[in-house]
Every structure is written in C-alpha cells, then in structure tokens.
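Here's a quick briefing on charged and aromatic side-chain contacts. Have a look at the structure first, then read on.

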Amino acid sequence: MKRIILCSLFLIFATLVGCASKTPPKPPATETATEESLNKLVELARSDIQSGKDLNAVQTLDAVIAKAPRNAKAFLYRGLAHYNTNNDMQAVFNFTRAIELDPTNPLGYFNRGTTKLRMQEFQEAKQDFTTCIDVDADFALALNNRGLANYSLKLNQAAINDFSKAFEVSRQTLDDAVFNRARVYQEMEMYAKALSDYAVALRLNPQLAQAHNNMGVIRLRTTMYDMAIAQFDKSLAIVSNDPEVLYNRAIALENRDQYEQAIADYTQALMIQPTFPQALHNRGVLYLRLNDKGKGCRDLKKACENGMCTRYNVSKELGVCW
C-alpha cells in the first residue's frame with residue numbers, strides 16, 4: 001500500500017508574560033529608578049522578540065541580568081529568545097534559572113517543558129507540564145503540550161485525556177487541542193471520532209488546511225476516494241503549494257484510475273520538493289503502467305537515489321529498467 005502522509009500534531013508555545021507572584025518590599029527611591037530602567041529594558045527585549053529580533057533581545061537581557069541577576073522575567077524572555085533561535089540548551093538553562101527564582105510562576109515550567117518536547121526528551125517535558133498544571137490547573141496550553149508528550153510516549157489514552165481537558169478549560173476554543181485529539185483517534189483507527197473532532201477544529205478555524213488533509217486521509221484509507229479528493233481539494237484551496245497534500249490527492253486520483261491527473265499532482269509536488277522519494281516512486285510506477293519506460297525508469301532511479309530502491313531493483317532484474 002502506498003504511504004499516505006498525515007499532518008503532525010500541533011506544539012504550542014505561549015507568549016511570555018510577566019507575572020510576579022509576590023510583592024517585594026518597596027525599595028529606596030534610587031533603587032526604584034534603577035529597577036524601572038531595567039524593567040524598560042526587559043520590555044524592549046520583549047518587543048524585539050515579538051518583532052523577530054531575538055539576538056537584539058539576548059544582548060539587552062544579558063545587560064539586564066548582569067545588573068539584576070535575580071530578575072526572573074529577564075531569564076524567561078532570554079530563554080524564549082534562545083528558543084526562537086534554536087539554541088535549546090541555553091533556553092533550558094534560562095527557563096531553569098527563572099524557575100529557581102520564581103517557582104510559583106507556571107510559565108517557567110511550561111516553556112522548559114516545551115523546549116524539552118522539541119529536544120524529544122518527552123518524560124522530562126511531561127514532568128514540567130505536570131508541575132505547570134499543578135500550579136495552574138486551567139493552563140490549557142500546558143494540558144495540550146502534556147498531551148503531546150504523552151502521545152510521544154505512546155500513552156494514547158492519557159494524551160486524549162489531556163487534549164480533552166485542554167479543550168474544556170479553554171471553553172472549547174482551543175482548536176489545536178481538538179485537532180490533536182482527532183489525530184490520536186485517527187492513529188487508533190477510531191475514524192468516526194477523528195472526523196467529528198476535525199469538523200469541530202474546522203468550525204473554530206476554517207483555515208486549518210491540515211484538518212482537511214487528515215480527513216482526506218481517513219476517506220482514502222476507507223476507500224472513499226471521491227470524498228478523499230474533495231477534502232484534499234479543500235486543503236489545497238487554503239494552502240495551494242503543500243507537496244504532501246498534492247501527493248495524497250494523487251494517490252486518490254490513481255485509485256480512481258485518473259492516471260494523468262495523478263501524474264500531474266505528483267509532478268506538482270515534485271516541483272515543490274524535488275527529492276520527494278514517494279512521489280518519484282509512484283509517478284515512476286504510473287509511467288511504467290502507461291508504457292513510458294524512459295520516464296518511469298528515470299523516476300524509479302531517482303527514488304532509489306533518495307532511499308526507495310525496491311521497485312527500481314526489481315525492474316532492473318526484470319529487464320524493464322537499466
């Protein structure tokens with residue numbers, strides 16, 4: 001059976017906000033002025049992060065932390081800036097320091113957990129999200145991301161429970177959580193529940209092209225090819241240049257014996273992603289079926305060069321390809 005491509009689950013990284021848990025004693029006036037100037041620098045760094053100027057933010061926050069090494073918010077923001085520049089180890093260091101300075105702020109645990117997720121340290125990520133939820137039981141994004149950790153640990157029912165709770169505490173507004181729950185249901189082949197959840201996600205976010213793709217995959221796997229094509233059409237109407245959706249639609253068209261249209265979709269997918277081995281393989285097989293050995297063998301050879309060799313090797317053994 002041809003490989004079908006699903007869209008991945010959604011990882012959510014919340015915008016950092018300052019939320020000091022305690023009101024410190026009022027400092028002297030000169031110290032207050034210094035603290036105010038440092039807070040302005042922290043806010044400037046936050047603005048830079050929002051504008052994508054993460055390196056500028058790091059430099060500003062370095063200066064703040066040099067003068068105020070117990071400023072938890074500065075560590076939080078610097079951690080986020082490092083996260084945005086894929087410097088995960090530094091992000092973890094800064095979030096850990098923020099937690100040490102203010103263990104009652106759930107954002108430190110949430111942000112470190114999300115970084116650990118990206119590092120594929122799923123058990124540690126889960127622990128951070130659990131602590132975050134212990135501090136703030138209604139932190140919907142933490143529930144969503146703990147669901148992702150559970151999913152990665154192959155704890156599907158625990159993942160479903162977390163996504164369900166995230167959707168509940170968000171007052172049924174967090175489309176990522178219901179999409180992610182649908183994705184788990186789909187993997188468990190609970191297709192009716194998956195389709196229902198994808199429909200809810202689309203009602204909340206009509207531009208969620210991934211949901212249309214995954215609904216199409218369900219229809220494809222249950223041999224409802226016309227319905228699959230309709231879903232892939234809807235996905236491509238939102239994001240027209242997604243090679244994976246084009247590839248999936250090509251499979252559905254091929255199963256409807258619409259070979260020329262399928263080749264056109266494989267070709268478009270390959271224009272976007274020239275080394276897409278499954279698309280090269282499938283288009284090559286179609287060309288051979290249509291008695292175009294030249295194009296077919298060229299595609300199968302390229303697919304082999306990108307890791308898919310079985311059909312090409314068989315074709316060579318049979319004397320079909322060279």
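Glu43 and Arg46 sit 3 residues apart, about one turn, in helix α1 (residues 29–50); helices here are DSSP runs of H or I with at least four residues, numbered from the N terminus. This is a predicted model, where local features need pLDDT of at least 70 and side-chain atom pairs count only at pLDDT 80 or more, while totals for chains, interfaces and linings use all residues. Residues are numbered from 1 along each chain as its sequence is written, and side-chain values use heavy atoms, leaving out hydrogens and water.

**Salt bridges**
- The whole structure has 17 salt bridges (a side-chain nitrogen of Lys or Arg within 4 Å of a carboxyl oxygen of Asp or Glu).
- Glu43 and Arg46 make one of them, with their closest N and O atoms 2.8 Å apart.
- Glu43 is partly exposed at 31% relative accessibility (buried is under 20% relative accessible area, exposed over 50%, partly exposed in between, with a 1.4 Å probe and protein chains only).
- Arg46 is partly exposed too, at 27%.
- Asp265 bridges to Arg249 at 2.7 Å, N to O.
- That pair links distant parts of the chain, 16 residues apart: Asp265 is in helix α14 (residues 259–272) and Arg249 in helix α13 (residues 243–255).
- Asp265 is buried at 4%, and Arg249 is buried at 18%.

**Rings**
- The charged end of Arg118 sits over the ring of Tyr83, 3.8 Å from its centre (the rule: NZ of Lys or CZ of Arg within 6 Å of the ring centre and within 35 degrees of the ring normal).

Definitions and conventions
Helices (H or I, at least four residues) and strands (E, at least two) are DSSP runs, numbered from the N terminus.
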